[in-house]
Amino acid sequence: MHVPDGFFNVAVSVSAGAVAAAGVAVCLRGARRELDDRTAPMGGLVAAFIFAVQMLNFPVAAGTSGHLLGGALAAVLVGPYTAVLCMAVVLLVQGFFFADGGLTALGVNITLMGIVTVVVGWGVFLLISRALGRSRAGIVAGAFIAALVSVPASALAFTLLFWIGGTAPIEVGTVAAAMGGVHVLIGIGEALITGVTVSTVLAVRPDLVYGARGLAAPLVLRGADGEMTPVGTAEPAPVKRPGGFVLGGIAVAALLAGIVSFFASASPDGLERVAEDKGFLSAATDHALGELPLADYGEAGGIPVGIAGLVGVGVTLGVGGGLFLAVRRGGRARADA
Amino acid sequence: MGAGHHHQIYRRDDTFVHRLPPHCKLLAVVAFAVVVVATPRELFAVFGVYALLLAVVAAAARVPPGFVLRRMVIEVPFVVFAVALPFIGLGERVSVAGMSLSVAGLWAAWNILAKATLGVVASMLLAATTEPRMILLGAQRLRLPSLLVQIAMFMLRYLDVILGEMRRMRVARESRGFAARDVRHIPVIARSAGALFIRSYERGERVHLAMLSRGYTGSMPVIQDVRASARQWATVALLPAVALAVLGAAVLGTGAL
């Protein structure tokens, strides 16, 4: 999934970079709340864990294998802020130390694989685990569905970006269908691994699963005379209120649903269109030739593509910024309370 | 997807490229990548000059071509995507060897292949001539958020430990006759991942306590001075500057035509 240099035009690369930087800045603050003074060492450890887990290849179908993205898994295990930070660090390290993923595409990579997977995954996780009640089964099911949704969400976000500012003309419907299809398969693998991993950790160290905070029953000393004394007056970590993140999750889910349905209806149309083009062009090469220099000129001048890119960027920034503001406000209100 | 990152790319040597301050090299590589990405794809010769520039840097750093080529496998997944573009692209089509290919798709494929390859080689040269630790010192020097840099530092230190743990678990699985062949085996891998997380996290907590007891206050001491002289800056700026100059000349040249 690591996008190399040259895939996106400069406008999209730069603005995805801005989105990624804003997201990371928000998470730098949030992560201190999730991990307090242990942020750096434990964050580094989780990043190393994600890096290692991304190397676990799992069989998807006959002959093909996928590997974990890990965004949803990290969000459930260590919390969304730390998860975004760790994904960002993993991608930075892969870009600079392993030449995996383009340097100008770092923003795109962090946005797609760090922010989109974690925000979508965490939003879905909260929705599902709350709907099913805070039980072990609910949390495992939440993690499963969160991972299942996060992978195609990331793939569709990639397609959307590519449509806005990619360097190739494609029928967005067909590519979305192909990307979505493949990544639903990978998502199933990701979901299975995420669900079982979370359930394994829950069974052994439920206190390590961020998404299961508040699940443990308070420790109580039972005296010989039946007297009950609560121990460990230290308040258990406050249960995260749904607030901004659920709203964000709903927004993303609604957006996704909109896009998915659009593509679902558009993809046969896309096929038709390609077929039409093929039949049509053999007869009318003249026209196509006449059109080409113009298209070329526009691309070289970069004006139409650039403007389209900037518009898309504005929308992305607006949505992303609004989401993060909502999340931050929610966080602040909680801290005040 | 799927390419492993088992070993880092760093090559120990002592050329002047190795000795340049890390933050200068970081900036130079990023600037070079930006110039490459901004280059219009019609300028074939300019891409040739970029490749030549990188070859000069590689020669100066004594990085053999085979070393670079072998590590290019990382690009493979996207090469596949690029190769598919002429088939799925829109617009005018040409017939090449009996296949109907999209002209715009061919351009896009060339564009992605050329720029991605140059980008990969540039960052590979950075990684090959700069110790990971030094790259992070450079990042710190460039005022990257210190928490981010520290997470990356800890990540690098933990990486081999966790990968070693994972390797031992794999050996244990395989020595009991396990091989992941189809979907039914996913739970086994997932339980390994869960165990790996618990083991790593517990180890991390122990290490953190040990660090606290030795006086860790939330930041690692910097004991290496990585300041750069004006001359080093000038040397490093050569790569992106020459690239930009060539691009400018080419754009002006075609504009005059």
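Is B:Arg12 buried or exposed, and how many other C-beta atoms lie within 10 Å? B:Arg12 is exposed, because 8 other C-beta atoms lie within 10 Å; exposed stands for 12 or fewer, buried for 20 or more, and partly exposed for counts in between, with C-beta atoms placed from the backbone.

The model is predicted: local features need pLDDT of at least 70 and side-chain atom pairs count only at pLDDT 80 or more, while totals for chains, interfaces and linings use all residues. Residues are numbered from 1 along each chain as its sequence is written, and chains are lettered from A and ligands numbered from 1 in the order in which they are written.

**View 1. The segment around B:Arg12.** B:Arg12 sits in the segment before helix H1 (16-19) of chain B. Helices (H or I, at least four residues) and strands (E, at least two) are DSSP runs, numbered from the N terminus. In sequence B:Arg12 is 68 residues from B:Val80, and their C-alpha atoms are 33 Å apart in space.

View 2. Chain B has 10 helices and two strands. Its radius of gyration is 23 Å, well over the 18 Å of the globule rule for 257 residues, so chain B is more spread out than a compact globule. This radius is taken over C-alpha atoms, and the rule is 2.2 Å times the number of residues to the power 0.38. Domain 1 covers 16-139 + 229-256 and domain 2 covers 145-213; such bounds come from an automatic or database domain assignment. The C-alpha centres of these two domains of chain B are 34 Å apart.

**View 3. Helix H9 of chain B.** Residues 186-213 form H9, which has 28 residues. From first C-alpha to last, H9 reaches 41 Å, close to the expected 40 Å, a span found as 1.5 Å times one less than the number of residues. Buried residues of H9(B) include B:Ile189, B:Leu196 and B:Phe197. After H9(B) comes B:Gly215, with a positive phi near 95°.

**View 4. The largest nonpolar core.** Among the 164 residues of this core, A:Val89 and B:Met155 touch the most other members. A nonpolar core is a set of buried Ala, Val, Leu, Ile, Met, Phe, Trp, Tyr and Cys residues joined through C-beta atoms within 7 Å. Helix H6 (residues 136-165) of chain A gives the most to the core, with 19 residues. Domain 1 and domain 2 of chain B both give residues to this core, so the core lies between them.
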